[in-house]
Amino acid sequence: MRLNKIILSFVSALVILFSTSVASFAKVVGDKIILGAAISLTGKYSSNGVHTQNGYNMAVDRINSMGGVKVGGKTYKFDIIYYDDESNPKRAAQLAERLISQDGVEFMLGPYSSGLTKAIAPVTEKYGVPMVEANGASRSLFTKGYKYLFAVLAPANLYLDVAIETAVELNGGKPVRIAQAFEQDAFSQDVRLGILDAAERTGSKIIIDDKLPKELNDMAATLVKVKQMRPDVLVVSGHTKGALTAIRQIAEMKVDVPMLAMTHCDAAKLSKQHGKNSQYALCASQWHKSLTYKDDFFKDGMTYAADFEKEFGYDPPYQSAESSAALLVFKDAFERANSFDQKKVRDALAATNMQTFYGNIKFAPGGQNVDKPMVLFQVMCDASGSCENKVVAPLKWASAKLIHPIPKWSER
Amino acid sequence: MDFLVFQYPMITVQACLDGILLGVLFALIAYGMALQWGVMNIINIAQGDLVILGGYIAYFMYLYGIHPAWGVIVAPVIMYFVGIAIYKLVINKVVDRDLFISILATFGISILFMQLMNFAFGADVVLANSGYGTTMLFDSNVVLPNSKIFSAFISILFAVCLVIYMKKSKLGRAIRATAQNARAAKILGVDTEKVYAATFGINAALCGVAGALISITFTIHPYMGLPYTIRSFMIVIVAGLGNLPGVAMSGMGLGVFEEFADYILGTEFRIGSVFLLLVLILVYRRFKLSRKREYLK
């Protein structure tokens, strides 16, 4: 009995020793560049967490199969260590700490959502680990003076201000009356700030300014107010549930509003699952497959979407596309730095100026991407009732003309 | 603060109607809670999660092309057996213990259910479209989605059926007897173990109906259960156990209260106002009870 215990403890001590010694080799091992990522594979962000992971994996496979990364005359391949952060900011910060100090990871990829990125950024900053993130858009990430944080996506305050500007333009340059409802999380509140800025710029007036709770599933009150006060634009942002609740209740309550602008329409699968109810909704998106940006790895959006569909069996949401782009940015930076020195890689990242299938990428001093405008698409349905997202703004990439004002429910 | 309610009188009508329709649905969930609280002395924290699970049943029917309204028949049947299973696995071990143990146990079940639903169905917010259209009243100034009317109607139907069942059937009488005095019922030959299991099953079935209705009228999500638990808890403590008209009235009252809180304070305080009301009622009841106690002294 006693002997057994001794043997057991000896073996487990060996296992622990072995595992830590293996782990501490990780970073750039042999011909592998090991990146670390904490991703929400379970918990409330798990669906978007999986989109993020699929995006990362797709790009790793593609870059590795097309020659890898060339640094100092040698070819390296990407590899990623994933941990599940359970959609929990505290856990994400712990895992970042573990990736860096135990697993010896020297370069990080971002998690999903602004909240988790906010939790991880102080850790990567403390250790001087460059992090390229693709799913944290909150403006507050870019005002803290982080030196090692780079985001390939446009900040949240730019999501919907295009919609307000378009509404003013269609109104003959005259100010419009805006009704808005936002969830009270970091992301949605940043979208709201963007609208406030746009309203001030154009002299528009905000006549309804509602805040939505986290447990939102009923926004009838806001919509009744909209019905009574007849604004020119209704803006809603509350992640997937905000988009779904709004679409369902606007259709059920037959709320007529000339322009309806939202976020998270593609995550909510509006055009596919809610068809005619979602018709004419304007949606902000970081990316759409019909955009004509190009790169050597994925060619363009359409090819990316087709390849992604072949591999994972669904149409890529923008969360996957931007995650793939993060890997392209890392590859480019490693090659320009021609070194694995964290400081040199960081400087190379800061000097990034490239085009990917996802868009142009160039970082401001705060770390946000300033070279890629948001796009707006509109849900459009044909006579048979099948609906599709069509890009309507900015005009340069528009594949359809914006339908404005939205026809009244009684005329549909 | 927003006083739109007073500027546009039609909003008041809208808020009252919305609140009543919503309240009837809350009352159904609360009735299930009152039933098993009364019979087994268990406060079921997992009540809301059972509701959400019922909602997922209707949602999956919708996904497979069956009209989600059939969920109000299928969901309670499935949920009845889920309820029995939960009883056999966990609740029967805590049923005679003190309230604190049962709260901990059902809290555990609640967390487990949330995570399992998240694991099985994903973290997406989903809903089932009924395609029922809309009723317009008062020159289309007041709009009532037919799905809300449908859900209120079904809730009332189930509540009435259950009341009749409790009065007329053998099991119903046994349940009522056990609620009044479990020991005496046992002596008189009632198999209380069976009664407990059936009660928990019926409660889960009611949650199933409510869940199916919620997936038709609102949205469902693995983590959205707790607000329903809190609401039903509140309705029950306001109405008291075994007071069915009280449950219906306080359900509707809560619905209307919520709607007005939404209009006047803003949507962000909707759930918050429910919690605040809960605290106020608890404090008030304590105050009232302590006065009674002094009187006894």
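How many residues does the contact take from chain B and from chain A? It takes 30 from chain B and 29 from chain A. This is a predicted model, in which local features need pLDDT of at least 70, side-chain atom pairs count only at pLDDT 80 or more, and totals for chains, interfaces and linings use all residues. Residues are numbered from 1 along each chain as its sequence is written, with chains lettered from A and ligands numbered from 1 in the order in which they are written.

**View 1. The side of chain B that touches chain A.** Residues are in contact if their C-beta atoms, placed from the backbone, lie within 7 Å. Elements giving two or more residues to this side include α2 (9-40) and α5 (99-121) of chain B. Helices are DSSP runs of H or I, at least four residues, and strands are runs of E, at least two, numbered from the N terminus.

**View 2. Helix α3 (residues 47-63) of chain B.** Its 17 residues should span 24 Å at 1.5 Å a residue, and the end C-alpha atoms are 25 Å apart, which agrees. The expected span is 1.5 Å times one less than the number of residues. Gly65(B) follows α3(B), with a positive phi near 85 degrees.

**View 3. A hairpin in chain A.** Strands β15 (residues 353-356) and β16 (residues 359-362) of chain A pair in the antiparallel sense over four bridges. Pairing requires at least two DSSP bridges between two strands. Two residues lie between β15(A) and β16(A) in this hairpin. Met354(A) has Ile361(A) as its bridge partner in β16(A).

Key:
Two residues are in contact if their C-beta atoms, placed from the backbone, lie within 7 Å.
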